[in-house]
There are 2 protein chains.
Amino acid sequence: MELTDRKKKILRAVVESYIETAEPVGSKAIASTAGLGLSSATIRNELADLTEEGYLEQPHTSAGRIPSAKGYRLYVNELMERHRISAEEAEEINASLKQRLQRLDGLISDVGKLTSRLTNFPAYAMASAASPLTVKRFELLPVEDSGLILVMMLSNNAVKNKLVKLGFSPAPDLLAKLSTVLNASLTGLTETEFTPEKIEATERSVAGENGIVSVVAGFALEELIKARDSEAYVAGAGKLLGQPEYQDLGKAHRMLEYLSDSRELKQLPQPEGDSKIKITIGPENLAEELKDSSVIVARYDAGDNMQGLIGVVGPTRMDYSSVAAQLSYIADTLSNLSRGGAMPLPGPLPRLTGENEGDPTEK
Amino acid sequence: MELTDRKKKILRAVVESYIETAEPVGSKAIASTAGLGLSSATIRNELADLTEEGYLEQPHTSAGRIPSAKGYRLYVNELMERHRISAEEAEEINASLKQRLQRLDGLISDVGKLTSRLTNFPAYAMASAASPLTVKRFELLPVEDSGLILVMMLSNNAVKNKLVKLGFSPAPDLLAKLSTVLNASLTGLTETEFTPEKIEATERSVAGENGIVSVVAGFALEELIKARDSEAYVAGAGKLLGQPEYQDLGKAHRMLEYLSDSRELKQLPQPEGDSKIKITIGPENLAEELKDSSVIVARYDAGDNMQGLIGVVGPTRMDYSSVAAQLSYIADTLSNLSRGGAMPLPGPLPRLTGENEGDPTEK
DNA sequence: TTTAGCACTCTCTTTCCCCGAGTGCTAAAG
DNA sequence: CTTTAGCACTCGGGGAAAGAGAGTGCTAAA
């Protein structure tokens with residue numbers, strides 16, 4: 001059943017007031033600020049209806065109303081005005097990211113820190129391969145008296161290396177032969193195709209290799225696995241304590257412990273289909289620990305077959321509009337930078353995904 | 001002025017009881033548990049003396065005593081029994097570290113996590129070069145149609161690489177020539193010796209190099225700087241909330257923010273001279289934020305001219321004895337592993353450093 | 001359908017009071 | 001001189017009670 005226009009306006013007023021103040025909202029406050037030209041008594045009736053229909057909740061009989069998860073959902077899908085980020089914010093994002101993108105390894109953690117600083121919520125960041133990786137090329141460089149350096153180029157153009165200690169110096173022509181064999185038989189293999197049989201067959205096909213092949217193969221496999229699901233990084237977890245809903249020590253503690261478990265982080269929601277951002281509100285989250293928190297996550301294209309996620313965890317009473325805008329701007333910037341493009345203009349507004357998806361009102 | 005033996009015993013009883021219970025300790029409790037054969041009245045007199053001399057404090061007139069920073073210091077230097085870690089703990093440490101040492105890049109963060117899990121306090125870990133690094137060797141590998149892979153071996157045997165995009169494919173013999181030149185003129189240079197003049201001179205000495213030299217030099221310099229002071233990593237910050245002294249939200253919040261600032265972390269105390277571990281108690285800390293917390297930090301030898309630090313931050317009421325034992329065991333294990341040795345035996349007991357250093361009573 | 005009025009409910013804060021733990025002091029005992 | 005028993009005193013913590021305030025739901029009138 002569709003809500004009347006007036007009810008929607010009132011719901012929106014409740015949500016926005018609550019987001020701002022974290023206090024239950026009463027009929028009087030709405031009557032005086034929302035500019036609807038209605039008395040508090042009328043508003044009271046409407047509030048009672050909205051509560052009846054599950055969009056609002058009452059902490060107790062004589063308190064104001066607060067939005068329920070359903071109420072937030074409707075707000076996010078239909079009611080909220082889509083923020084654009086301010087010029088200063090855009091500037092800060094561009095500045096932080098531009099100088100960092102040169103080096104990929106620290107990028108994830110820097111993105112996390114930036115996001116957390118900007119949104120004032122705990123943020124997480126991770127990156128992973130969009131499709132299975134393979135090794136594109138092997139190189140073996142001799143090292144005097146200690147062994148060799150293995151250099152591998154992966155299918156996503158990442159380069160990995162390892163110093164392999166052998167206790168002797170392999171002859172250059174042996175290394176040349178080995179690398180030819182390796183490039184011939186172990187390139188293009190995905191993680192699952194890296195079978196022991198395959199490795200053994202390769203090993204047999206070259207004489208006098210002293211186990212180098214198996215070391216190389218082991219390292220390659222390890223890197224493929226590691227590159228598949230990169231470490232998740234969390235920044236600014238302490239920001240939670242600034243939020244009134246986490247004044248409760250036990251709650252804050254549980255959430256911090258939850259956020260520090262990277263296995264859990266990998267279970268967090270992801271944008272679905274071709275949408276770039278997803279908002280999950282309170283009980284929509286699968287994890288028990290997140291049932292009264294919300295998550296906003298954005299996907300970005302990290303170039304070369306890599307995709308990344310940046311997300312923010314906060315109370316259900318978070319400013320969905322501006323946080324979503326910030327996240328998608330960061331994601332767009334990252335995507336553009338990683339394919340060598342310029343900074344994005346602040347827009348276009350992204351589509352949201354989530355449960356009960358509605359038709360966002362673009363204003 | 002030296003304390004009498006009896007006063008020391010009483011002080012020790014107070015400290016240990018307080019560490020265990022976090023409650024102010026009364027004269028009666030000491031009389032009944034410390035086994036000194038004295039009445040509570042006698043103890044009361046002694047407590048009054050100890051308070052007078054600054055080793056103990058009274059939260060308020062009618063409460064028991066708690067140790068002051070001075071009291072903890074005396075306890076740490078002279079009174080505390082040096083724990084050895086249990087066999088189970090040793091086993092856990094060995095198991096976690098052994099499988100991880102293969103790959104150095106994730107090591108720091110893993111060590112931090114391990115330390116935090118073991119001690120139940122927030123832990124931090126970092127590593128840095130003990131003396132200035134240099135590049136030991138350059139290698140340039142061609143990449144079809146996109147540029148080249150730069151591989152550098154540093155003086156600490158770490159290998160770094162970078163994919164350099166050029167937009168064209170450099171001729172193999174050009175790369176060979178370039179790497180000869182690079183190895184001839186840019187190896188062995190410390191960060192400060194990497195002057196623009198030097199780079200320019202190198203650039204001039206080879207024809208047709210299309211700016212490759214300056215890219216390589218820039219990357220080399222960047223890596224030298226980065227390797228010098230590695231990122232600091234913090235794990236288990238949420239553990240703080242489990243401690244009774246951080247029930248105060250504001251205090252916990254400030255501390256979490258402090259710990260998430262890696263610039264601050266680099267200012268944390270370090271073991272001095274040739275001692276391997278350092279304990280800083282409450283106001284002995286320089287940082288304002290740590291004036292009522294304690295830090296225990298251990299140094300380890302990460303092989304190849306690298307040294308690492310692992311530390312723990314907690315309330316002054318922390319179990320110095322067992323945390324110090326855990327840290328030094330982890331540090332020893334890391335040192336041994338990194339030089340390819342076996343697991344250490346649980347010992348020898350390390351020397352402590354700190355202010356007002358005393359002569360530790362080994363029991 | 002909207003509004004004014006009003007009794008009612010519930011939480012939050014403040015105040016007050018009592019309880020208990022622990023102290024410091026004094027005076028007696030070893 | 002040191003140790004101990006006894007005792008009055010102090011202070012924080014916890015719980016009950018009371019009051020204030022905000023907001024509701026309902027009824028009746030406009």
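A: In this predicted model, helix H1 (residues 5–21) of chain B packs against helix H3 (residues 40–52) of chain B at an angle of about 90 degrees, and their axes are 10 Å apart. An angle from 65 to 115 degrees counts as roughly perpendicular, and H1(B) and H3(B) are therefore roughly perpendicular to each other. On the side of H1(B), the residues that take part are B:Arg6, B:Lys7, B:Ile10 and B:Leu11, and in H3(B) they meet B:Ile43, B:Glu46, B:Leu47, B:Asp49 and B:Leu50. Sorted by class, this contact of H1(B) with H3(B) has five nonpolar and four charged residues, and no polar ones.

H3(B) also leads us to the DNA. Around DNA strand C there are 20 residues, and the closest of them are A:Ser39, A:Thr42, A:Ser62, B:Gly26 and B:Ser27. Two or more residues of the surface near DNA strand C come from each of H3 of chain A, helix H2 (27–33) of chain B and H3 of chain B. H3(B) gives the largest share of that surface, four residues. By class, the surface near DNA strand C has ten polar, seven nonpolar and three charged residues.

The surface near DNA strand D has ten polar, seven nonpolar and three charged residues by class.

Chain A can be laid on chain B by a turn of 180 degrees and a shift of 0.1 Å along the axis, with an RMSD of 0.2 Å. That is the relation of a two-fold axis. The two chains also touch: 21 residues of chain A are in contact with 21 residues of chain B. On the side of chain A that touches chain B, at least two residues come from each of strand S4 (135–143), strand S5 (147–154), strand S6 (159–165) and helix H10 (249–259) of chain A. The largest share of that side, five residues, comes from H10(A). By class, the side of chain A that touches chain B has eleven nonpolar, eight polar and two charged residues. Because 100% of the interface residues of chain A are also interface residues in chain B, the copies meet through the same surface.

The strands just named for chain A belong to a sheet, which deserves a look of its own. In chain A, three strands form an open sheet in the order S4-S5-S6, with antiparallel pairing. S4 and S6 of chain A stand at the edges, each with a single partner strand, so one side of each is left without a neighbour in the sheet. Neighbouring strands of this sheet are turned by 20 degrees against each other on average, direction ignored. S4(A) and S5(A) run antiparallel and are joined by eight bridges, and A:Val143 stands opposite A:Gly147 in S5(A). Helix H7 (residues 172–185) of chain A packs on this sheet and touches S4 and S5 of chain A, with a direction that makes about 170 degrees with that of S4(A). Helix H9 (residues 212–228) of chain A also packs on the sheet, where it touches S4, S5 and S6 of chain A, and its direction makes about 40 degrees with that of S5(A).

Returning to chain B, we find an open sheet of three strands in the order S4-S5-S6, with antiparallel pairing. Strand S4 (135–143) and strand S6 (159–165) of chain B are at the edges, each with a single partner strand, so one side of each has no neighbour in the sheet. From one strand to the next, the twist averages 20 degrees. S4(B) and strand S5 (residues 147–154) of chain B pair in the antiparallel sense over eight bridges, and B:Pro142 has B:Leu148 in S5(B) as its bridge partner. Helix H7 (residues 172–185) of chain B lies across S4 and S5 of chain B and runs at about 170 degrees to S4(B).

How values were computed:
Residues numbered from 1 in each chain as written. Chains lettered and ligands numbered in written order. Predicted model: local features only at pLDDT ≥ 70, side-chain atom pairs only at ≥ 80, totals over all residues. Least-squares fit on C-alpha atoms with pLDDT ≥ 70 in both. Contact = placed C-beta atoms within 7 Å. Nonpolar A, V, L, I, M, F, W, Y, C, P; charged D, E, K, R; others polar. Axes fitted to C-alpha atoms, helices over the stretch in contact; angles between N-to-C directions. Parallel < 35°, antiparallel > 145°, perpendicular 65-115°, else oblique. Pairing = 2+ DSSP bridges. Near = placed C-beta within 6 Å.
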